[in-house]
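Please read them alongside the coordinates.

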Amino acid sequence: MPFRVELPQTFADRVAGLSGGEYLAGMWVCSGSPVAAEIAAASGMQWVLIDAEHSPIGLETTTSLLRAMNGYPATPVVRVPVNDTVLIKQHLDLGAQNLLVPMVDTKSDAEAAAAAVHYPPKGVRGVGSALARASRWNAVDGYLGRAEEFVSLTVQIESATAVDNAAEIAAVDGIDQIFVGPSDLAASMGLLGQQTHPDVTDAVARTFEAVKAAGKPVGVNAFDPEQARKYLEAGASFVLVGADVGLMMNGARAWADTWVQD
């Protein structure tokens, strides 16, 4: 007799379940390695971001990484490469429940992302779940009618324009969380590579205020530990503090510094 298949809790549900002062700490997986993804998921980090925007990670690799992370308590989130209805559909169908959409600058951008993750009449997601891992090939009871329960959408504010539009973006129905990217934000402000410049951190703080006023949780990318703590004190509900490739390179260079002769 077939057994009942249940999908994991979404990222939105995990964030909503936080109590005062709690947050979710996470890291990036950019290498495309299932081993790295499984190590990240087993490390104790609470969420792991699979980056399909700035890495050679495609659809098949994303599927492999999600399978490698399955069964661990860390929640996987997939950053799609672009705010595109077809790509979002494909990532959802391969079983990515939690999506992060980059470069959302306006209310209309946010509305397009929200529409892409939902079936009609709420959205425009194409119907193919019976043939896809999303529903575990129809093993999830009533997937089509319950799909909204299984999907979480985070959009990324990472430009000066987006900061100005943060309140409108956050207010869009279907957007669960906002994630702030200080790197591209700094670049858009003429401060390339200066993520902790006072003007950049001030823009991040203003985004936090606008998003929280709209009643949505907000998170941020911050590899600088001191800055990450400041953002958490300012009300961030989730934060990314490192990456697989960064940890490996830093560790390898430290090892080389110890053992390689001049």
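1. Val155 touches Leu100, Val101, Val104, Ala113, Ile169, Ile175, Gln177, Ile178 and Phe179, leaving out residues up to four places away in sequence; contact here means heavy atoms within 4.5 Å. The model is a predicted one, in which local features need pLDDT of at least 70 and side-chain atom pairs count only at pLDDT 80 or more, while totals for chains, interfaces and linings use all residues. Residues are numbered from 1 along each chain as its sequence is written, and side-chain values use heavy atoms, with hydrogens and water left out.

2. Val155 and Ile178 touch the most other members of the largest nonpolar core, which has 56 residues. A nonpolar core is a set of buried Ala, Val, Leu, Ile, Met, Phe, Trp, Tyr and Cys residues joined through side-chain atoms within 4.5 Å. Buried means under 20% relative accessible area, exposed over 50%, and partly exposed in between (1.4 Å probe, protein chains only). Helix α10 gives the most to this core, with six residues. Another core, of 13 residues, lies apart from it and has Phe11, Val15, Leu24 and Phe179 among its members. Helices (H or I, at least four residues) and strands (E, at least two) are DSSP runs, numbered from the N terminus.

3. The whole structure holds eight aromatic pairs. Rings of Phe, Tyr and Trp (its six-membered ring) pair if their centres lie within 6.5 Å; planes under 30 degrees apart count as stacked, over 60 as edge-to-face and the rest as tilted. One of the pairs is Phe11 with Phe238, edge-to-face, at 5.2 Å centre to centre and 85° between the planes. Phe11 belongs to helix α1 (residues 11-16) and Phe238 to strand β8, so this pair ties together parts 227 residues apart in sequence. Phe11 and Phe238 are both buried.

4. Trp47 and Phe238 also form an edge-to-face pair, at 5.7 Å centre to centre with 80° between the planes. This pair links distant parts of the chain, with Trp47 in strand β2 and Phe238 in strand β8, 191 residues apart. Trp47 counts as buried because its relative accessibility is 1%, and Phe238 is buried with a relative accessible area of 1%. Phe11, Trp47, Phe179 and Phe238 form one aromatic cluster.

5. Which residues of helix α2 (residues 34-42) are buried? They are Ala36, Ala37, Ala40 and Ala41. These residues cover an arc of only 135° around the axis, so they sit on the same side of α2; the arc is that of the directions from the helix axis to the C-beta atoms. Val35 and Ile39, on the other side of α2, are exposed. The cover over the buried residues of α2 includes β1 (24-29), β2 (47-51), α3 (59-69) and α12 (244-259).

6. At the start of α2, a side-chain oxygen of Ser33 comes to within 3.2 Å of the backbone nitrogen of Val35. Just after α2, Gly44 has a positive phi of about 110°.

7. In helix α11 (residues 225-233), Gln227, Ala228, Tyr231 and Leu232 are the buried residues. Down the axis of α11 they fall within an arc of 140°, so they line one face of the helix. Glu226, Arg229 and Glu233 are exposed on the other side of α11. The buried residues of α11 pack against α9 (182-188), α10 (198-213), β7 (218-221) and β8 (238-243).

8. A side-chain oxygen of Asp224 reaches to within 3.2 Å of the backbone nitrogen of Glu226 at the start of α11.

9. Ser237 is placed in the loop between α11 and β8. Its relative accessibility is 17%, so Ser237 counts as buried. The C-alpha atoms of Ser237 and Gly20 are separated by 9.5 Å, although these residues are 217 residues apart along the chain.

10. Asp51 lies in strand β2 and, at 2% relative accessibility, counts as buried. The side chain of Asp51 reaches the backbone nitrogen of Glu53 at 3.0 Å.

Definitions and conventions: A polar contact is a pair of N or O atoms within 3.5 Å; within protein, one must be able to donate a hydrogen and the other to accept it, and residues adjacent in sequence count only if both atoms are side-chain atoms.
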